[in-house]
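Here is a short briefing on one model. Look at the charged side chains first, then at the overall build.

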Amino acid sequence: ALGCISRGQTYHFELVADESGAGVSRVALDARLPIANAILTTENHAQAVARQDEKGKDAARVAVEMAQLLARIP
């Protein structure tokens, strides 16, 4: 799951961040699929740009590793 939530001038940053994380977890559990959460939470656009490549790579690596582990489970 890829995305970015940047803090704005309203209160709902925390709500959106919390619910997106919970939603990714719920889908993974319900579907019994490995879903890596690569939704960035940043203060601004510069932080998002600085973190996007590494976070995306980490999420892809985790998703592949989890899929490989699940394939080995009978």
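R61 and D58 pair their side chains in a salt bridge, N to O 2.9 Å (a side-chain nitrogen of Lys or Arg within 4 Å of a carboxyl oxygen of Asp or Glu). The two sit three residues apart in helix α2 (residues 45-72), so about one helical turn separates them. R61 is partly exposed at 44% relative accessible area, and D58 is partly exposed at 29% (buried is under 20%, exposed over 50%, partly exposed in between, with a 1.4 Å probe and protein chains only). Salt bridges with shared partners link R7, E14 and E43 into one network.

This is a predicted model: local features need pLDDT of at least 70, side-chain atom pairs count only at pLDDT 80 or more, and totals for chains, interfaces and linings use all residues. Residues are numbered from 1 along each chain as its sequence is written, and side-chain values use heavy atoms, leaving out hydrogens and water.

**Other salt bridges**
- The whole structure holds four salt bridges.
- E14 and R7 form one of them, at 2.8 Å, N to O.
- E14 is partly exposed at 39%, and R7 is partly exposed at 34%.
- R26 and D30 form another, at 3.1 Å, N to O.
- R26 and D30 are four residues apart in helix α1 (residues 13-31), about one helical turn.
- R26 is partly exposed at 47%, whereas D30 is exposed at 55%.

**Overall build**
- The protein chain runs β-α-β-α along the sequence (DSSP runs: helices H or I, at least four residues; strands E, at least two).
- Its C-alpha atoms fill a box of roughly 50 × 25 × 10 Å along the principal axes.
- Buried residues make up 18% of the 74 residues.
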